[in-house]
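Take a walk through this model. Start at a charged part of its surface, then move to a loop and the overall layout.

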Amino acid sequence: SDDEVTEHGPVRLWYTIENLDGQIIGRISLRDIDDRRSARLGITIGADWVGQGYGTDALYTFLDYFFGELGFATLYLDVAAPNRRAIRCYEKCGFRRIGEEYRDAGSGASLNFLRDEQYRSIRHLFSRKGRKNLVLFYEMRLDREDWAEWRARELR
């Protein structure tokens with residue numbers, strides 16, 4: 001196990017995502033774990049599996065486990081605003097935006113690609129501050145009660 005644990009409990013937990021054939025196609029992590037009150041989600045799906053619904057399915061299944069068996073109250077995540085596919089997935093699962101901030105896009109990152117007309121719709125999500133390239137991130141949140149309510153609506 002790659003889980004990181006201290007005498008105060010886990011610091012980070014890792015879970016693998018498998019498809020129906022048993023292939024590992026991604027992972028889910030929890031960090032910033034605050035007892036059973038809250039944690040921050042990380043999710044990665046392999047490039048060959050993106051856009052096929054695996055992320056939504058995995059997250060949906062994980063949320064039942066997170067709020068049910070693990071007994072957490074709140075799950076947070078942060079996502080780059082240009083990642084519309086991920087944002088749709090999170091919103092489908094009941095997450096709502098609670099904040100936003102610009103973050104460093106990386107020292108070697110060039111924003112020249114934004115000149116291309118195909119990226120016109122996301123240009124406003126990037127910025128420059130001095131020599132730094134910045135990208136907008138959204139913070140999102142899902143509470144156990146909201147998940148239970150959302151889940152009940154989905155099952156009707």
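Arg84, Arg85, Arg88 and Lys92 form a patch of positive charge on the surface. Patch members have over 30% relative accessible area and no salt bridge, and like charges are joined within 9 Å. A salt bridge puts a side-chain nitrogen of Lys or Arg within 4 Å of a carboxyl oxygen of Asp or Glu. Arg85 sits in helix H2, residues 84–92.

The model is predicted: local features need pLDDT of at least 70, side-chain atom pairs count only at pLDDT 80 or more, and totals for chains, interfaces and linings use all residues. Residues are numbered from 1 along each chain as its sequence is written, and side-chain values use heavy atoms, without hydrogens and water.

Now turn to the loop between E2 and E3. Asn19 is found there. Gly22 lies in this loop too, between strand E2 (9–18) and strand E3 (24–34). Asn19 is buried, at 7% relative accessible area. Gly22 is partly exposed, at 40%. Buried means under 20%, exposed over 50%, and partly exposed in between, with a 1.4 Å probe and protein chains only. A polar atom of the Asn19 side chain lies 2.9 Å from the backbone nitrogen of Asp21. Gly22 and Asn112 are 90 residues apart in sequence and 40 Å apart in space, C-alpha to C-alpha.

Last, the whole chain. The chain has 3 helices and 8 strands. Helices (H or I, at least four residues) and strands (E, at least two) are DSSP runs, numbered from the N terminus. Their order from that end is β-β-β-β-α-β-α-β-β-β-α. Of the 156 residues, 36% count as buried. The C-alpha trace spans about 45 × 40 × 30 Å along its principal axes.

Conventions: Patches are made of residues with over 30% relative accessible area and no salt bridge: like charges are joined within 9 Å, nonpolar side chains (Val, Leu, Ile, Met, Phe, Trp, Tyr) within 5 Å. Accessible areas come from the Shrake-Rupley method with a 1.4 Å probe; for residues, only the protein chains shown count as cover. Lys and Arg count as positive and Asp and Glu as negative; His and the chain ends are not counted. The place of a charge is taken as NZ of Lys, CZ of Arg, CG of Asp or CD of Glu. A polar contact is a pair of N or O atoms within 3.5 Å; within protein, one must be able to donate a hydrogen and the other to accept it, and residues adjacent in sequence count only if both atoms are side-chain atoms.
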